[in-house]
Structures are given as C-alpha cells and as structure tokens.
Amino acid sequence: MTSPVARYARGRSWRSLDLFGVVGWTLAIALLWLILYPLIATFFRVFTDAGSFDFTAMEKVFTDASFYTAARNTGIVLVTAGPAALLIGSVFAWLNERTDAAFGVISRLLPLIPLLIPPIALAVGWVFLAQRRAGFLNGYLRSGLDLVGVNLTEGPLNIGTWPGMLFVYTIALVPYGYLVVSAALRNMDTSLEEASRMSGAGPWNTVLRISLPAIRPALASASLLLVIVGVSFFSVPRTIGSLARIDTVSVYIVRLTQTFPSRLDESVAVSLLLLVVIGAVWMVQRRMTRGGRHALIGGKAGTASLVRLGKWRWLARTVMVGYIMAVSVLPFAALTVVALQPFWQATIDPSILSLNNIKEFLFVPDSNPRIALFNSLRLGVMGGTLAMIVAAILISYAREKKGYTARIIEGTTKVPGAISNLVIGVAILVALAGEPFNLRGTLLILLLGYLVIYMPQASIAAEVARGQVGEELLEASYMLGGSRFRTSRSILLPLMRPGLAAGWALVFVVIVGDLTASAILSGPQNIVVGSIFLQIWEAGRFAHLATLGMVICLTTASVVGIVLALSGRKGKRSPKQDAETVASAVT
C-alpha cells in the first residue's frame, strides 16, 4: 500500500520532483560508473589484444609457484581464523543480547573497538608485544620463569609464526562477525526461545535448536563478509606474515603492482580470480539462505528474558574484557612505550623514556610521516564527508521511491562490499592512473578508491539513520507545501545527523588507517599513512613506527570522540522542536 508521503510526492509539481530525482539518479549513475568502469576497462585491457582474447597474463600466474603458495596460505587463514572469528563474535553477540553477562553499552561496544583502531596499529602493536626476543610480554615472562629456574634467551611467545599470525587475524576479524550476528539476534522474534525454555529446555538446547537455525541466514552472511575481509587484509600478512615468511594473496597482488618491470597484468589476473572465488562463495551463501531449511521467525519481536549464567557470568565478562585488552589496550600500550624509548628493548626502563621521538615526528618540518599523516587526515575528512552525503541522499531517495528503483539504488551502494578491496584498488589503478585520466600519483585517485571501497559502510550507517526518522514529520511538511528537496534539506537530513555523524566517524577511521588501497594507489607524490607505514617497517625504524601508530590512534580517537559528542548533544528532540523544524522548512 502506498504511503501518504509517496502519494503526495507524486502529485507535486515537476520542478520539485525533478530536482530531487535528478540529484538522486545523477549520484547513483556516477557511483555505478565509478564501480563498473574500472572493472570492465581492466578486463578488456588485460585479456584482449587487437580485438581478440589474450590469456597470457593468466598463464603466467598459473605457472608461478609463488601464486600457489600464497593461495594455499590464504586458504589456511580463511578456514581457521574465519570460523574462529565467527564463533567468538557469535558468542559475544549471544552474551550481550541474550544473557545477564552484558553490562550495558560498554559490553556492546567492546567487540567493535577494533574497528576504531587501524589494523596496521594492531598488527605492529602485537609485534612489539610478542616478538620472540624483544617483545615486552616475552621479556616479563622470561623474568618470571627465571625465578623458578627456567632460563630462556628468547620466547616463549613468538608472534612471527603461523599461530601468531592466525591469532591476530582472528581478533581483527571478530567485529565483522559480531556486527551481523548481534543484529540478527536483536531483531528476531524471541517467542520461540521463550517457549523452548518454558518447556524445560536448557539454555544450550535452546541455542542449538531454536536460536542458531533462526539466524542461519545471518551466519551465512557473516561468513561471506569474513571471506571478503579476510582475503583483502594486507596489514597483518605484510607485517606479521613477513616475520613468519608467510605470503598471502593480498601480499602477492601488491608485490606484483610494485615490481619493476611492471607485472600489473598478472596482478589484475589474480584480482579477477579473487572476484570469481568471492562470487562462488556468494552463490553458496545465497543458496543456503534461500533454499536451506532454517527456522523462520514470525510475529513481532519482543523483549526476551535474559538467560541467567550464575557463576559463569563473571567468567564471561572477564573473557570480553580480556578480548578488548588483546585488541586495543595492550597493542596501544606497546606502541606508546616503544615511541617513548630511544630504541626498542624487551624491558621498560622509566629512566630512559622521553618525548624525543614524538617531538621529532610533530615538529620536524616537511618530514614524510607528517606529510603522510596530513594527507590521510585530509582524505579521511573529505572521503567521510563525501561518502556520507552521497549515501544519505541515495538511501533517502530509495526509501521514498521503493520498488525496483529503490533496489537498484540501494544495490549500487552495496556492490563494493561484495568485491575485495584488492580488486577495486587494482581496477582503479589500471583504469584511472593512465590515459585519458592521468590520475597516477594524485590524491584524487586515492579519494575515488576510498569512496568506492567504503561506500557500503556509509550506506549502512545512512540506512540506520534514515530508519530512525518517522514519516509523520515528512508528511506534515509535504501537506504544508514543502518540496521534497526542501523537506529533505531542512527536516530529514538534520534529524539524521547523529546517525550520519557516527557513520562519518567510522569511514574517517578506516580511510586514515587504510593500508590495502594505499599500498596500491599511493606513490611518491601522494604518500599517506598506509604507504609511509610500509616504508618505515621495511627500514626497521621501530621507534618511528611506534610513534606514527600512537599518533594515528590518538588522532582518530580524538576526532571520533569530538564528532560523536557534538552530534549527540542534539540527538533528542521534543515535539515542540519537531513542529518548529517543519514550520521552518515550508516558510
């Protein structure tokens, strides 16, 4: 049934309809072009020659032993760290949504905090903690073992191994599984769970027989997301993997783009192979969610009675706090200590700590780290703002139009989420770096890459923000003569501001800390945090590396905190304020 808003909007003059529609469709077409053109242009450039197909690049890849090694290692990561991250994220989601182990907003935020910390900072932080000789944890563990007569010269931990890399991979992937599963548990009808418990079934039987079948589509979606993110991860295998001499496909692709002479065609071939693999996983996920026999929950969602964990309650809380220590507190502390030391050593000597490295980083003019940080912050602000404006307009327009138009527009904003960041980065490099655009070495090519890669995150945030605005205010504005464009500008977008601010903060953080696209698209003339991180890592200047990581974490945390605090002040509105907003929109 058509809503009053839609009926009234169709009856408006062609001018107001055309203005809002032109803006929406122009942005949708431009975004779709920015997604599809690089992929299509890349395919024809690499696989065609003089009008006929040429698979020389693919043949080179299939005869390269390094490719098979990287593919095997990536498969090992996906089948170990992926399921582990999904399991941990699902347990955290269940504890927060269905048990008394949750302690308010804090526990819900715990699994998400890693999203606010650049992955490269997490990886390097754990190198400083658990490197076999100079790691801080190893230093104190060896001191403790000396007291009981066990003398070690290195270890006992070693982050530069398969277990070490899988550990960091897992804790970095947990938030992606948690987000999907917690949303599914929060939105499902709890009546069947209540009926199961009333029938005498214990908590575990209820979870296995009712909850898990009901959210199986969400588990399949989370698995697909973990495959896409896991394949694209570059920071962990580039740092920890290099210590363990373990290459993954992401490292292999980036290395091909940076090799001289260029092997860009081969990197494109591998990227397209990744696209095929992700497409196959997506088909399996669709088949599981559409054709599988999972429990369907009907009726209205209600508030479930919490499962009482008893003596296990504090153990569950301890595990959640331990997780946040592993993914944020300990790595950040390690970065801070190394930044304050003149050189990295396994023990902390307060007498040698100083601010010299930080002063050198902040106050030496024209230093590459400062330039890179400034460029990344500028791209984060511009990219976050542009992404949220585009997402807000497209989602608002799609919400009003409904039907096939809404599906096309919303699908356009979600398509990059089903494509590896590596594929997008390589495609944009091939299509836009040379003729006729000549964007190689510019900040614009990075901005376009970030916009495409992180549009799904901006779109999801815009959807949540739009869903929190009721239709009554929009209907009142339309009935009083307000145009769709003016209503959106004066009523809808201001009311969406808190949600859009949260989305902006997330996009800002991931752009500033991005390493995958930065490694592919940056160059000597457009250095950013991701590229300078790699240069400092390869040079072995660990104090500078730690200083840069610490400054990034503090900067992003400060910006996010300020943005969310300012936007939250105006989050609650009274009916009188709503009436004044409508009046101002039509006068």
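Residues are numbered from 1 along each chain as its sequence is written, and side-chain values use heavy atoms, with hydrogens and water left out. Because the model is predicted, local features need pLDDT of at least 70 and side-chain atom pairs count only at pLDDT 80 or more, whereas totals for chains, interfaces and linings use all residues.

## Overall make-up

The protein contains 27 helices and two strands, where helices (H or I, at least four residues) and strands (E, at least two) are DSSP runs numbered from the N terminus. Of its 587 residues, 50% count as buried; buried means under 20% relative accessible area, exposed over 50%, and partly exposed in between, with a 1.4 Å probe and protein chains only. Among the contacts with a separation of 6 or more, 78% are made by residues 24 or more positions apart, a contact being heavy atoms within 4.5 Å.

A nonpolar core is a set of buried Ala, Val, Leu, Ile, Met, Phe, Trp, Tyr and Cys residues joined through side-chain atoms within 4.5 Å. The largest such core has 166 residues, of which Trp126 and Phe128 touch the most other members. Its largest share, 13 residues, is contributed by helix H23 (residues 484-512). Once neighbours within four places in sequence are set aside, Trp126 is in contact with Gln131, Leu137, Ile159, Phe167, Val168, Ile171, Ala326 and Pro331.

Trp126 and Phe128 also take part in the contact between helices H6 and H15. The axes of H6 (residues 119-130) and H15 (residues 313-340) come within 8 Å and cross at roughly 70°; axes are lines fitted to C-alpha atoms, for helices over the stretch in contact, and angles run from 0 to 180 degrees between N-to-C directions. H6 is therefore roughly perpendicular to H15, given that angles of 65 to 115 degrees count as roughly perpendicular, under 35 as roughly parallel, over 145 as roughly antiparallel and the rest as oblique. The crossing of H6 with H15 is left-handed, a term for a near helix turned anticlockwise from the far one by less than a right angle, with clockwise giving right-handed. On the H6 side the contact is made by Ala121, Leu122, Val124, Gly125, Trp126, Phe128 and Leu129, and on the H15 side by Ala326, Val327, Leu330, Pro331, Ala334, Leu335 and Val338. By class these residues are 13 nonpolar, one polar and no charged, where Ala, Val, Leu, Ile, Met, Phe, Trp, Tyr, Cys and Pro count as nonpolar, Asp, Glu, Lys and Arg as charged, and the others, Gly among them, as polar.

## The crossing of H12 with H25

Helix H12 (residues 235-244) and helix H25 (residues 529-539) have axes that come within 11 Å and cross at roughly 20°, and the two are therefore roughly parallel to each other. Their crossing is right-handed. Arg238, Thr239, Ser242 and Leu243 of H12 meet Leu534, Trp537 and Glu538 of H25, a contact that comprises three nonpolar, two polar and two charged residues.

| Site | Backbone value | Loop |
|---|---|---|
| Gly155 to Pro156 | cis, omega near 5° | Pro156: between H7 (136-146) and H8 (162-187) |
| Glu435 to Pro436 | cis, omega near 0° | Pro436: between H19 (421-432) and H20 (443-453) |
| Asn438 | phi about 55° | between H19 and H20 |

Arg245 counts as exposed at 79% relative accessibility, whereas Asn438 is partly exposed, with a relative accessible area of 43%.

## Individual helix residues

Leu141, in helix H7, is partly exposed at a relative accessible area of 38%, and beyond four places in sequence it touches Pro156 and Leu157. Leu141 and Leu152 are 11 residues apart in sequence and 9.5 Å apart in space, C-alpha to C-alpha.

Asn421 belongs to helix H19 and is buried, with a relative accessible area of 18%; apart from neighbours within four places in sequence, Asn421 is in contact with Ser232, Ile453, Tyr454 and Thr516. Ser267, in helix H14 (residues 264-291), counts as buried at 0% relative accessibility, and its contacts, not counting residues up to four places away in sequence, are Ile253, Leu256, Thr257 and Val426.
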